[in-house]
Amino acid sequence: ISLVLVILIALTIFNVFGSNSSPYGNRIDEVASINDTEMTKIKEDLLSNKKITTVNYNVNVKVIKFYIDTTATSNEAQAFANTVLADLNEKSVNGYDIEIYVTNSNSADFPMIGYHSKSATTFSWVLNKAEVTSEE
């Protein structure tokens, strides 16, 4: 009997019985969900810039990551953030952290990474290990 009790307690602790709840709990319920249509529009708008060669993205929990390959200068690449922010609704901008990873194999300023916290008003950029801040 005690062995059965130990097994039942272990199964309860490890939640083997399963549950339909999110593995993240309810801490992301208030964040607007971003659908594929919105992300496709952002990707298309970014690719309309002739200096951008490829764009990929990933949305995971409360972080949106963009991976951009470009022929632009680092100053021009920082402007890509404006396209992303313009295409996202306000609830998404205020609910998600946004990261933009930019590569350009022909420039010493790259790779560069732009970070926008959901509570920030500007992107913070790291260019090949030198930090700068840009206004939106």
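**Notebook: a predicted model, element by element**

I began with contacts (heavy atoms within 4.5 Å), and among those in the protein between residues at least 6 apart in sequence, I noted that 45% join residues at least 24 apart. I am working from a predicted model, in which local features need pLDDT of at least 70 and side-chain atom pairs count only at pLDDT 80 or more, while totals for chains, interfaces and linings use all residues. Residues are numbered from 1 along each chain as its sequence is written, and side-chain values use heavy atoms, with hydrogens and water left out.

**Entry: the overall layout**

I listed 5 helices and 6 strands, where helices (H or I, at least four residues) and strands (E, at least two) are DSSP runs, numbered from the N terminus. From that terminus on, I read the order of elements as α-α-β-β-α-α-α-β-β-β-β. For burial I used these cut-offs: buried is under 20% relative accessible area, exposed is over 50%, and partly exposed lies in between, with a 1.4 Å probe and protein chains only. On that basis, buried residues make up 29% of the 136 residues.

**Entry: helix 2**

I then looked up its buried residues, which are Met39, Ile42 and Leu46. Seen down the helix axis, these fall within an arc of 60 degrees, so they line one face of helix 2; the arc is that of the directions from the axis to the C-beta atoms. On the other side of helix 2, I found Asp36, Thr37 and Glu44 exposed. The cover over the buried residues includes strand 1 (52-60), strand 2 (63-70) and helix 4 (80-87).

**Entry: the nonpolar core**

I took a nonpolar core to be a set of buried Ala, Val, Leu, Ile, Met, Phe, Trp, Tyr and Cys residues joined through side-chain atoms within 4.5 Å. The largest one has 26 residues, and those with the most contacts inside it are Leu46, Phe66 and Ile100. Helix 2, strand 1, strand 2, helix 4, strand 3 and strand 5 each supply at least two residues of this core, and its largest share, 4 residues, comes from helix 4.

Pro111 lies in the loop between strand 3 (97-103) and strand 4 (112-116). For pairing, DSSP must find at least two bridges between two strands. Strands 3 and 4 run antiparallel and are joined by 5 bridges, and in strand 4 the bridge partner of Tyr101 is Ile113. Strand 4 is also antiparallel to strand 5 (residues 123-127), with 4 bridges between them, and the partner of Met112 in strand 5 is Leu127. On strand 4, I noted a covered face of Met112, Gly114 and His116, and an uncovered one of Ile113 and Tyr115.

**Entry: Gln78**

Last, I turned to Gln78 in helix 3 (residues 74-78), which counts as buried because its relative accessibility is 14%. Its C-alpha atom is separated by 9.2 Å from that of Ile113, 35 residues apart along the chain.
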